[in-house]
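I'd like to walk you through one chain today, so please have the viewer open.

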Amino acid sequence: VRRRIELIQDFEMPTISTKIKVSRDGQYIMAVGTYKPRVRCFDTYQLSQKFERCLDSEVVTFEILSDDYSKIVFLQCGRFVEFHSQHGHYYRTRIPKFGRDFSYHYPSCDLYFVGASSEVYRLNLEQGRFLNSLQTEASESNVCDINPVHFLFAMGTTEGKVECWDPRTRNRVGLLDCAVSSVTADTEIEGLPSISALKFDGALNMAVGTSTGQVLLYDLRSSNPLIVKDHHYGLPIKSIQFQHQLDLIISADSRIIKMWNKDTGKIFTSMEPEHDINDVCLYPNSGMLMTANEAPKMNIYYIPVLGPAPKWCSFLDNLTEELEENPESTVYDDYKFVTRKDLENLGLAHLIGSSLLRAYMHGFFMDIRLYHKAKMMANPFAYEEYRREKIRQKIEETRAQRVQLKKLPKVNKELALKLIEEEGEEQQISKKRKQKNLPSLLKDDRFKVMFENPDFQVDEQSEEFRLLNPLVSKISEKRKRKLKILEELEAQGQEEEEEPEGKASDAESSESSDDEKGWVEEVRKQRKLLRQEEKLKRQERLKEDQQTLLKPQFFEIKEGEEFRSFKDSAKKQKLMKKTLEDRLKLEEKLGTLNVSDTTVGSKQATFKLKKSEQQRKQQEAEKQHRQERKSLRRSASHLKSRRGRGRLFH
């Protein structure tokens with residue numbers, strides 16, 4: 001915020017700005033935008049807004065006819081042409097077709113309108129009536145301009161042509177096919193280029209912008225362009241301006257503003273604003289640029305090389321001179337990013353704070369040449385290390401054909417060993433049966449995390465694991481032995497054989513048969529151990545409860561609540577402090593909850609909902625009511641039977 005310079009106060013629009021122009025005397029800057037459609041006039045002498053006028057429809061383009069803001073013409077999107085004077089709205093008329101652009105012919109006071117029609121409509125402001133229109137060969141026209149020297153009228157069409165007319169004789173005097181000329185060997189064009197921008201420079205030069213992003217510079221005496229400049233974005237050219245001091249052309253599409261030499265086509269500079277560009281205005285005889293954007297804020301750029309600052313902001317020259325005296329170094333691609341640890345390894349920690357290092361984020365930028373020199377001095381035997389590494393890689397490639405040591409992952413080593421053993425058995429079976437080998441889980445990317453992330457470590461002490469795997473203790477002991485042997489082989493650098501020494505396959509088969517016979521006993525042992533652990537935990541909790549001393553507490557009763565007893569609240573608070581496991585066990589004792597083990601090893605809980613006193617009373621009342629109704633029905637049926645007997649007897 002401290003570095004920002006706000007030249008004109010509130011130089012913005014509510015939503016977006018579409019067009020921006022400067023009056024001929026240079027005192028007023030006018031801009032149109034939305035929403036709602038409006039025009040704002042800024043006074044450069046006061047550096048603030050002079051007035052604002054709202055309009056009925058959006059403005060396509062506008063023109064300042066006088067030296068100041070006293071005469072303005074607006075072409076609106078609803079075919080309306082609106083005239084404003086110094087006091088405000090003056091007159092409004094309508095043209096037959098939708099307009100896209102217009103130009104003012106000063107000698108005859110005629111307005112030339114082009115748009116969605118083959119005709120060019122002429123409105124004479126001196127007589128106040130429409131004159132005979134110009135009939136062209138184009139189906140539609142996009143832009144037009146009048147030469148300020150000899151007043152030649154030119155219009156750009158959707159077919160990619162420029163028609164030139166003489167206003168004195170109202171006849172066409174020239175035709176340029178810009179669509180054909182814009183296609184060169186380097187350009188890639190999709191579709192027919194139409195004319196989107198047009199601007200005269202002096203008596204003989206004319207610049208034409210196409211909808212495919214090319215700018216063509218013409219000499220009116222030739223039908224071939226002097227130079228073709230491509231923006232390489234494929235976007236329509238929005239604006240073309242001429243800068244005479246350095247012989248530059250300033251062309252802009254919605255993304256970029258390019259400044260290039262009109263004789264050689266060499267790029268001078270380019271600017272890419274944050275938001276899309278709608279219009280560009282060059283302040284006369286200065287190096288200031290103003291843009292209308294697809295954003296509320298209208299941008300102002302000052303480039304001292306193009307010219308001096310305007311007289312109403314001459315302090316900009318002093319600011320730029322101060323900036324030139326204290327230039328800021330920039331970071332280029334030939335810089336190396338290093339951290340503090342890298343500097344310590346290179347022995348360059350003493351350079352921190354000097355001009356050779358530029359602080360950035362968590363490290364520093366340093367010149368790549370200095371980095372290479374320091375690295376060579378810090379490690380002069382880098383080539384020898386590189387050579388050794390290459391030799392080691394060659395040796396490892398030759399060793400790949402031999403039987404290599406099985407490297408187990410850091411997480412779930414026992415599971416990985418089990419999978420390797422099963423894979424080896426399956427390979428032997430598949431070789432005998434001549435079948436294809438199935439893919440391994442260890443090599444599958446979907447299960448890679450299970451052997452890398454410690455969160456997926458199998459907890460062998462958990463209740464579920466011990467119940468689902470009754471033989472896990474014996475199997476784990478067997479695998480642990482094998483793991484120790486593998487770790488010893490890794491340390492010694494020896495290669496693993498198919499079967500560890502000192503252990504025969506017959507012994508393994510006998511062990512497996514014993515395990516199969518005693519699996520029932522193992523399950524029973526595990527269940528007994530789990531019950532004993534639960535009893536010990538309960539005893540510890542009871543001791544903790546007995547040791548805790550209760551202190552007196554005071555409670556405040558809220559409005560609208562009835563006080564029953566201290567015991568209920570104390571019980572509720574105790575229950576809330578207890579864990580879910582303790583609460584479930586308490587409910588199990590009371591008989592409202594029943595927890596049982598399933599065959600799979602999971603838990604199944606069935607519970608009964610507690611009933612409030614109001615619900616109990618209601619149920620008791622309903623029960624009493626049912627009993628009364630039953631007794632009434634019985635008495636009524638008894639009376640009916642007695643009456644029937646009396647009649648029969650009578």
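**A walk along the chain**

Let me start with arginine 38, which is buried, at a relative accessible area of 12%. For the cut-offs, buried means under 20% relative accessible area, exposed means over 50%, and partly exposed is in between, with a 1.4 Å probe and protein chains only. Before going further: this is a predicted model, where local features need pLDDT of at least 70 and side-chain atom pairs count only at pLDDT 80 or more, while totals for chains, interfaces and linings use all residues. Residues are numbered from 1 along each chain as its sequence is written, and side-chain values use heavy atoms, with hydrogens and water left out.

So what does arginine 38 meet in a salt bridge? The partner is the side chain of glutamate 52, at 2.4 Å from N to O. Arginine 38 sits in strand β3 (residues 38-43) and glutamate 52 in strand β4 (residues 48-54), so this pair ties together parts that are 14 residues apart in sequence. Strands here are DSSP runs of E with at least two residues, helices are runs of H or I with at least four, and the numbering goes from the N terminus. Glutamate 52 counts as partly exposed, at 34% relative accessibility.

A salt bridge, by the rule used here, is a side-chain nitrogen of Lys or Arg within 4 Å of a carboxyl oxygen of Asp or Glu. That rule gives a count of 16 salt bridges. Another one joins arginine 168 and aspartate 166, with the closest N and O atoms 3.1 Å apart. Arginine 168 is exposed, at 71% relative accessible area, whereas aspartate 166 is buried, at 13%. Back with our opening residue, salt bridges that share partners join Arg38, Arg40 and Glu52 into one network.

One more pair for the list: the side chains of glutamate 140 and arginine 100 meet in a salt bridge at 2.9 Å, N to O. This one links distant parts of the chain, 40 residues apart, with glutamate 140 in the loop between β12 (129-135) and β13 (141-146) and arginine 100 in strand β9 (residues 99-105). Glutamate 140 is partly exposed, with 28% relative accessible area, and arginine 100 is partly exposed as well, with 31%.

Now for the backbone. Most residues other than glycine have a negative phi, and most peptide bonds are trans. Where do we find a cis peptide bond? One joins threonine 34 and tyrosine 35, with omega at about -5°. The peptide bond from tyrosine 35 to lysine 36 is also cis, with omega near 15°. Tyrosine 35 lies in the loop between β2 (28-34) and β3, and lysine 36 is placed in the loop between β2 and β3.

Phi has its own entries. Leucine 47, a residue other than glycine, has a positive phi near 55°; its place is the loop between β3 and β4, and at 27% relative accessibility leucine 47 counts as partly exposed. Methionine 361 has a positive phi near 55° too. You'll find methionine 361 in the loop between β29 (358-360) and β30 (363-367), where it is exposed, at 68% relative accessible area.

Let's stop at another loop residue, lysine 266, between β23 (257-261) and β24 (267-271). Lysine 266 counts as exposed, at 63% relative accessibility. Which residues does lysine 266 contact, leaving aside neighbours within four places in sequence? They are Met259, Trp260 and Asn261, where contact means heavy atoms within 4.5 Å.

Arg524, Lys528, Arg531, Lys535, Arg538, Lys574, Lys578 and Lys589 form a positive surface patch. Patch residues have over 30% relative accessible area and no salt bridge, with like charges joined within 9 Å and nonpolar side chains (Val, Leu, Ile, Met, Phe, Trp, Tyr) within 5 Å. Which helix gives the most to the positive patch? That is helix α10 (residues 519-547), with five residues. Arginine 531 lies in α10 and is exposed, at 53% relative accessible area.

To finish, the whole chain. There are 13 helices and 32 strands, and 33% of the 650 residues count as buried. Of the contacts with a separation of 6 or more, 44% come from residues 24 or more positions apart. Thanks, and I'm happy to take questions!

Note on methods
Areas by Shrake-Rupley, 256 points an atom, 1.4 Å probe, with all protein chains shown as cover. Lys, Arg positive; Asp, Glu negative; His and termini not counted. Charge placed at Lys NZ, Arg CZ, Asp CG, Glu CD.
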